[in-house]
Amino acid sequence: MIGFQNLIGTSRVRRKAAVMNSEDSCGTLTWLPVSNYSARCRYIILKKGLNIKIEEPTNGMKSPEHLAVSPFGQVPCFQMENGDAMIESLAIMDYLIDRYSDVEPRFLPATPELRARARMICQVHDFHCGINQGAMYRAMNSPADREVGLEKIRKGLDVIELYCEASPFMVGDDLSIADVTVFASSAFYVFMLPRFFGWDFRDGRPKLAKWFEYMRQESPEAAEVFNTVFKALAAWEKNGRWERLGIQRVPSFVEAEHELISSP
Ligand SMILES: N[C@@H](CCC(=O)N[C@@H](CS)C(=O)NCC(=O)O)C(=O)O
């Protein structure tokens, strides 16, 4: 079991004393380092400085132990203080934001309109980019199917570009679930798209490019979340994941030093 305090010790977050000092954890997040959906929950946990245990599935994703708390055999899932388990990362994020609404940052834009827009961006991400993300790293029936999936991700990103304010956040003046969601997945886009498919998610999307430059430096927690996913993908590549799929690195791809984020 890894408490976040063991992973990162330099949070500038203002914390509620009861949350910081409690010996008892306020729940358990089950995750995998490569999981972007887990990463967005973890971002909130780290930024708020919550005393939540973070652990990997007991005996693997499809074990009876994990299926008992996560019926689809997926991550993330969250076990609350009262023992109830919940799945679906958006719901977990909502719960953490609501339950710890008095702990900064609140992840709530200032008005109902902005809050609705933040959630809309999350849902555009989930229903267009997230649902098709396997096209970047899973076996598909054919190269044409893979291209269809990638095209849907492109279209989802185009729509997110439309709504992104880059102010510097996605929406309004505050960090929100929209930033957390797209930033967690940006580790996927930065790692996989240029290496294996020859495009950059920022190209032709100036607001997303500006927003990403800000988010890269947003906080040590943001950097930690991004780098964890990125390094897990690098381990996948080292283990031959894309070779086994018959996908080679794009010959012109040049590894850039600044892809991993140095902690601000
Ligand atoms: N809608 C779910 C999606 C969760 C999901 O797809 N998790 C991935 C990891 S990022 C997973 O567990 N994949 C393994 C599988 O589906 O077998 C959520 O938002 O939590």
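This is a short tour of the structure, one selection at a time.

You're looking at a predicted model, where local features need pLDDT of at least 70, side-chain atom pairs count only at pLDDT 80 or more, and totals for chains, interfaces and linings use all residues. Residue numbers start from 1 along each chain as its sequence is written.

**Stop one: the annotated regions.** Select residues 25–104, which an unreviewed UniProt entry lists as "domain: GST N-terminal". UniProt positions follow the numbering used here, feature names are shortened, and annotations may be inferred rather than shown by experiment. Across residues 25–104 the chain is 38% helix and 15% strand, and the end C-alpha atoms sit 18 Å apart. Helices (H or I, at least four residues) and strands (E, at least two) are DSSP runs, numbered from the N terminus. Now switch to residues 111–235, listed by UniProt as "domain: GST C-terminal" (unreviewed entry). There the chain is 70% helix and 0% strand, with 41 Å between the end C-alpha atoms.

**Stop two: the ligand.** Which residues are around the ligand? Select Ser 35, Asn 36, Tyr 37, Met 61, Gly 73, Gln 74, Val 75, Pro 76, Glu 88, Ser 89 and Leu 90. Helix H3 (36–48) and helix H5 (89–99) are the elements giving two or more residues to this shell. A residue is near a molecule or strand if its C-beta atom, placed from the backbone, lies within 6 Å of it. Colour the shell by class and you'll get five nonpolar, five polar and one charged residues. Here Ala, Val, Leu, Ile, Met, Phe, Trp, Tyr, Cys and Pro count as nonpolar, Asp, Glu, Lys and Arg as charged, and the others, Gly among them, as polar.

Most residues other than glycine have a negative phi, and most peptide bonds are trans. Pro 76 is in the loop between helix H4 (64–69) and strand E4 (77–79). Next, click Glu 88, which has a positive phi of about 75 degrees although it is not a glycine. You'll find Glu 88 in the loop between strand E5 (85–87) and H5. Then jump to Ser 167 and Pro 168, joined by a cis peptide bond with omega about 10 degrees. Pro 168 is in the loop between helix H7 (143–163) and H8.

**Stop four: helix pairs.** Show H3 and H5 together: their axes come within 9 Å and cross at roughly 5 degrees. Axes are lines fitted to C-alpha atoms, for helices over the stretch in contact, and angles run from 0 to 180 degrees between N-to-C directions. That makes H3 roughly parallel to H5. (Under 35 degrees counts as roughly parallel, over 145 as roughly antiparallel, 65 to 115 as roughly perpendicular and the rest as oblique.)

Now pick helix H6 (residues 112–129) with H7, packed at about 170 degrees with axes 8 Å apart. That makes H6 roughly antiparallel to H7.

Finish with helix H8 (residues 177–197) and helix H10 (residues 220–238), whose axes are 9 Å apart at an angle of about 40 degrees. That makes H8 oblique to H10. The residues of this contact of H8 with H10 divide into 13 nonpolar, no polar and no charged.
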